Amino acid sequence: MNVVRVVDIIPAYRSDEAGLNWQPSIAVNPDNPDQIVITTTDVPEPPNVGFWYSLDRGATWQVNFSEPGNEMDQSVALAASGELYWAVASDTPSKDPTLHVLRTPGLVTSGPFPDIDTPLRDMIDQPYALAITHRQSGQADKDRTYVAYIEHDDWNDSAAATIDVCLDARAASPVFVTVALNHRASVPLDGYEVRPCVHSDGTAYLAYKGWRSYNDPFVITDIVVERDDSWGSGGFVDLKDPSDNKPGRLVAKSVKIKDPQDLANQRLDNDLSLAVDPTNSDIVYLVWGDNAGPNYTLRVRRSLDRGATWCPDLFTVVNANLACLAINSDGRVGFMYQQLVSGRWETHFRRTTDATGKNWDDIILARTAIPADDVADYSRVISVGRDFYGVFPAWNTPDPANFPATPPAASNPNGATFLRHTTTSPPWKLVDASGQKVNESVDPFFYLILDENTVEPPTGLTGTPH
Amino acid sequence: MQEPRPDIPKLVDASSFIFTGTVVELGKSTVANLAARANFAVIRIERSLRSDPALGNLRDRLVTVALLERGELQPNQRAVFFTLDWIHGGGIAAREISHVDARFESEVDSSVEQQPRRHLADRLGSSVLVIVAKVVSVKPTPFDVRWRNAPQWAVASLESLDALRGRPTEGTTIMFPTSGRPTWALAPRLSEGQRSIFLLHRPPSWAPLPESPQFLTSEAFTLLDPADVQPESQRRLIEELLDQVGAP
């Protein structure tokens with residue numbers, strides 16, 4: 001029996017919040033999953049940058065707001081070493097958006113944190129952080145750290161998929177090597193998402209979109225997967241496409257995506273995610289979204305031979321976005337997405353139920369109202385052991401009917417656990433410390449799919465058996 | 001020797017969390033998971049002078065402040081604290097920039113109140129053109145597909161009614177972001193027929209103008225800051241501030 005937990009992470013101390021909480025990402029310490037970090041993007045006034053952290057597996061949350069700057073895109077990674085690697089694109093609208101890779105050993109430590117990826121890179125978009133602690137007998141552990149992003153060329157028409165690779169990010173002076181990934185002409189640029197994943201045997205994969213043309217409003221792109229067999233130290237050239245013998249397997253060619261394209265106010269063309277099986281680095285799953293059919297569709301595919309060949313669609317979802325994948329220690333795939341159903345956003349978490357990759361269970365974590373503006377280009381799910389940890393953005397009406405996977409009980413009258421102040425019976429409202437109504441907005445919701453064999457921490461965090 | 005007078009406006013501008021409070025105890029923490037340190041002081045807030053709105057009413061709340069120097073404050077001592085936000089949740093923690101005696105509270109309060117005026121003066125000082133004008137037309141520019149945080153500029157043509165700084169050319173063109181992304185969320189939006197005072201700046205070095213030739217004019221300006229559009233009722237204040245900031 002698995003246990004599902006859904007937590008609105010806004011703490012009671014910030015119950016007056018009605019901010020954007022836009023574009024969430026998550027990191028979990030694989031050796032101590034009590035330590036979890038979530039980033040969101042907001043418009044704090046006055047400017048500063050923060051990350052949310054939990055030290056009790058998501059039961060309670062705080063925000064560390066001590067980094068100066070203006071928030072833009074960001075994501076985080078927690079290594080088993082306990083080190084936090086935080087990739088933030090920041091600076092004001094009148095300055096270049098600059099990539100800061102910050103490091104801290106303590107989640108309650110106050111900033112400013114040191115920049116470890118120097119010289120700083122400007123004009124970048126969508127940084128995506130990943131870290132894995134490599135343990136070797138007789139040698140010191142090393143944090144392999146990766147920050148993937150799109151690098152613009154002085155805001156001309158080019159933008160290149162790029163990854164910074166550091167093989168020892170805990171070193172006093174870490175050395176990041178910048179790798180330009182696209183070995184073919186992109187017209188006019190590479191897509192917005194560059195997504196890496198790494199296996200503990202040193203196999204590193206990444207996916208990106210190599211655009212081949214753009215004629216408003218359609219992008220024609222290849223879906224490209226690259227591989228490096230030595231932690232990314234070799235430049236991601238170990239997987240070649242048979243059509244031109246260049247690095248980067250073209251999993252799908254000439255994929256059509258409408259851009260700009262909105263679905264219930266949510267901007268599309270942001271769905272690309274990749275996950276490697278921790279039990280076998282030959283197995284890798286990929287999801288992207290496209291407009292090959294009449295509706296925007298997410299497509300899950302798989303390779304069983306290190307990216308050399310890919311099966312047809314294993315699973316598809318129409319009118320959905322925020323796709324993200326992870327694979328647990330049993331080789332079971334977890335897939336989160338938000339789908340527009342009957343005028344509401346449904347947040348689904350599915351897992352494969354057998355080795356075919358074609359059969360999936362389904363847990364509906366939330367069924368929430370449509371926000372007035374888009375809420376994210378990406379979200380994220382992570383596996384630790386058999387468990388899945390993730391975050392999704394959603395409208396924060398504390399009505400238990402909005403959270404089908406976690407029916408209300410005495411300990412969670414709102415279905416999902418709300419840490420901020422709410423009413424606990426109809427009418428369902430957000431309130432401040434004195435009981436006055438607070439406007440609804442988008443909040444980040446943490447979720448945990450806890451396997452029945454996982455030892456639970458003594459946190460008191462409620463959950464619903466499934 | 002007399003203590004130097006604190007530069008209160010400078011402290012206000014550097015702080016995100018300012019409050020008057022009384023020292024409750026030293027060397028303790030009121031924040032979950034934040035272990036006590038020797039330089040911590042627990043302060044009971046009497047009056048919040050500037051704080052993150054998400055924190056709500058802070059009166060009588062306790063805040064743990066990491067002091068710059070130990071030994072300067074004693075229990076029951078009142079002061080105005082200039083701090084930076086640190087931790088919200090499981091308590092509130094802040095990092096001290098400075099503190100001044102509580103007798104400066106009204107002066108600090110006044111300085112906080114004056115901060116929008118100082119910001120307006122800064123924006124006036126960096127502007128190329130300040131005009132009273134009417135928005136004649138607003139048009140979107142071609143969709144900018146280059147990156148996800150693109151401002152998605154719109155172009156507005158202005159009919160200049162009066163120039164307060166600089167000399168406008170006929171049909172001044174200005175660009176403003178239409179994207180709702182956090183970077184641009186606070187930028188002003190314009191509508192046809194709107195009459196306002198506009199503080200016009202040159203475009204930043206990045207996110208350049210759209211490719212279409214009709215937009216590539218050396219006379220293009222941008223509106224990025226909320227203070228860059230002012231109601232005409234602010235004209236007297238703006239003229240006064242322009243006198244203070246001098247010529248461009």
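These legends go with close-up views of a predicted model.

Residues are numbered from 1 along each chain as its sequence is written, while chains are lettered from A and ligands numbered from 1 in the order in which they are written. Since we're looking at a predicted model, local features need pLDDT of at least 70 and side-chain atom pairs count only at pLDDT 80 or more, but totals for chains, interfaces and linings use all residues.

**View 1. Chain A as a whole.** Chain A has 0 helices and 34 strands (DSSP runs numbered from the N terminus: H or I of at least four residues for helices, E of at least two for strands). Its C-alpha trace spans about 65 × 50 × 50 Å along the principal axes. Buried residues make up 58% of the chain (buried is 20 or more other C-beta atoms within 10 Å of a residue's own, with C-beta atoms placed from the backbone).

View 2. Leaving out residues up to four places away in sequence, the contacts of A:Phe445 include A:Val6, A:Val391 and A:Phe392 (contact: C-beta atoms, placed from the backbone, within 7 Å).

**View 3. Where chain B meets chain A.** The contact takes 36 residues from chain B and 50 residues from chain A. On the chain B side, β4(B) gives the largest share, 5 residues. That side has 21 nonpolar, 11 polar and 4 charged residues (nonpolar: Ala, Val, Leu, Ile, Met, Phe, Trp, Tyr, Cys and Pro; charged: Asp, Glu, Lys and Arg; polar: the others, Gly among them). Strand β5 (residues 62-67) of chain A runs antiparallel to β4(B), joined by 2 bridges, and A:Val63 stands opposite B:His88.

**View 4. A four-strand sheet in chain A.** The order is β24-β25-β26-β27, an open sheet with antiparallel pairing (strands pair if DSSP finds at least two bridges between them). β24 (320-327) and β27 (363-368) sit at the edges with a single partner strand each, so one side of each lacks a neighbour in the sheet. Between β24(A) and β25 (residues 333-341) there are 6 bridges, and A:Ile327 has A:Val333 as its bridge partner.

Note on methods: Contact = placed C-beta atoms within 7 Å. Buried ≥ 20, exposed ≤ 12 C-beta atoms within 10 Å, placed from the backbone.
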